[in-house]
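Please read the points with the model at hand.

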Amino acid sequence: MPMQAHDIEALIRETFPSAKITITDLAGDGNHYAAEVIDDSFKGKNRVQQQRAVYASLKGKMDGAHGELHALALTTKAPD
């Protein structure tokens, strides 16, 4: 079952409550999304560490061939 953008945002927001989060449905199919997450907690972390933290917040929704979320193009950064 495909995920909705607000469900993805809610999962990320549990871990990053103060983040600026933008979710975009790339294909209109509920399976291919882009997410931009801007959060203070990313200061001092490299991009891989930032993205791992966001993927962990998805609580397995992208795991394996039967994950609810098929693809997520992820952009992360600390605020300027």
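1. Contact is taken as heavy atoms within 4.5 Å. Helices (H or I, at least four residues) and strands (E, at least two) are DSSP runs, numbered from the N terminus. The model is predicted, with local features requiring pLDDT of at least 70 and side-chain atom pairs pLDDT 80 or more, while totals for chains, interfaces and linings use all residues. Residues are numbered from 1 along each chain as its sequence is written, and side-chain values use heavy atoms, without hydrogens and water.

2. Ile8, Leu11 and Ile12 are the buried residues of α1 (buried: under 20% relative accessible area; exposed: over 50%; partly exposed: in between; 1.4 Å probe, protein chains only). Viewed down the axis of α1, these buried residues fall within an arc of 95°, so they line one face of the helix; the arc is that of the directions from the helix axis to the C-beta atoms. They pack against β1, β2 and α2. His6 and Glu14 are exposed on the face of α1 turned away from its buried side.

3. The count of aromatic pairs is one (rings of Phe, Tyr and Trp, the last by its six-membered ring, with centres within 6.5 Å; planes under 30 degrees apart are stacked, over 60 edge-to-face, the rest tilted). Phe16 and Phe42 form this tilted pair, at 5.3 Å centre to centre and 55° between the planes. The pair links distant parts of the chain, 26 residues apart: Phe16 lies in the loop between α1 and β1, Phe42 in the loop between β2 and α2. Both Phe16 and Phe42 are buried.

4. Lys59 lies in the loop between α2 (47-57) and β3 (71-77). Its phi is near 50°, a positive value in a residue other than glycine. Most residues other than glycine have a negative phi.
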